[in-house]
Each structure stands twice: as C-alpha cells, then as structure tokens.
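Thanks for coming. I will go through a few charged side chains and then a set of strands. Please have a look at the picture before I start.

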Amino acid sequence: MPRLTRKFEQELPDFQSHTDARKWFKKRFGDNFVLTDSQIIDGEKIYFYHLIIDRTAYESGMKKLSEEGYVSGMDLPMSYHSVEISETGLVHIVY
C-alpha cells in the first residue's frame with residue numbers, strides 16, 4: 001500500500017464520532033488498521049492507531065522492539081502511519 005498524503009486526509013468524510021471514523025478506516029484498510037492505545041487529552045479521549053503500509057517491515061520491527069526494547073533505522077517508522085481519532089471523529093494522520 002502506498003503512503004498516504006495530506007490530500008487524502010483533507011478529503012476524508014466528516015465523521016461524527018470515533019466509532020464512525022474507525023468503521024470507515026476498518027472497511028477501507030481491514031487488518032492493516034490497528035488500535036495501539038487511547039488516552040484522555042484535554043478532557044477528550046483520543047484513540048491511536050497504526051495504519052500499516054508494509055506488513056513485513058512492520059511485523060519485523062515490532063518483534064524486534066518487543067524483544068530488544070529498541071529499533072534502529074527507518075524501516076519500522078516508514079512501515080506505518082500513526083492515525084489519531086478523537087471521540088468527536090476528528091482525524092489526524094502523522095506523515
């Protein structure tokens with residue numbers, strides 16, 4: 001899967017909730033859209049996802065990170081996009 005662009009983010013639908021946005025991403029990207037964490041920030045719950053671009057590099061990097069506690073190089077960071085979705089459906093993609 002190619003890396004996403006800012007244009008992609010600008011053309012996203014206007015989601016009304018986290019649930020709406022999550023369903024849209026899951027329908028479009030399936031198992032390549034993975035929840036990694038959630039936090040309360042400024043009183044609002046934010047959900048953090050990885051949108052996997054290169055499954056092989058992602059799995060290898062995550063395995064190394066788990067086993068060794070660190071990774072070097074750009075293979076892992078370039079294998080996914082970080083996607084943040086607020087409770088109200090606002091989406092931010094980290095490039």
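I begin with a pair of side chains: Arg 55 and Glu 59 meet in a salt bridge, with N and O 3.4 Å apart. A salt bridge here is a side-chain nitrogen of Lys or Arg within 4 Å of a carboxyl oxygen of Asp or Glu. Why can these two be about one helical turn apart? Because they are 4 residues apart in helix α3, residues 55-68. Helices (H or I, at least four residues) and strands (E, at least two) are DSSP runs, numbered from the N terminus. Arg 55 is partly exposed, at 31% relative accessible area, and Glu 59 is partly exposed too, at 46%. For those words, buried is under 20% relative accessible area, exposed is over 50%, and partly exposed is in between, using a 1.4 Å probe and protein chains only.

Now the housekeeping. This is a predicted model, in which local features need pLDDT of at least 70 and side-chain atom pairs count only at pLDDT 80 or more, while totals for chains, interfaces and linings use all residues. Residues are numbered from 1 along each chain as its sequence is written, and side-chain values use heavy atoms, with hydrogens and water left out.

How many salt bridges are there by this rule? The count is 2. Glu 11 forms one with Lys 7, the closest N and O atoms being 3.7 Å apart. Both Glu 11 and Lys 7 are exposed.

Glu 9, in helix α1 (residues 6-10), is buried and has no salt bridge. Its nearest side chain of opposite charge is Arg 6, 4.8 Å away. For charge, Lys and Arg count as positive and Asp and Glu as negative; His and the chain ends are not counted. Leaving aside neighbours within four places in sequence, Glu 9 is in contact (heavy atoms within 4.5 Å) with Val 91, His 92, Ile 93 and Tyr 95.

Val 91 takes us to the strands. Ile 85 in β3 stands opposite Val 91 in β4, and Tyr 47 also stands opposite Ile 85. Strands β3 and β4 (residues 91-94) pair in the antiparallel sense over 4 bridges; pairing needs at least two bridges found by DSSP. Strand β2, residues 44-52, pairs with β3 in the antiparallel sense over 7 bridges. Of the 7 residues of β3 (80-86), 5 are buried.
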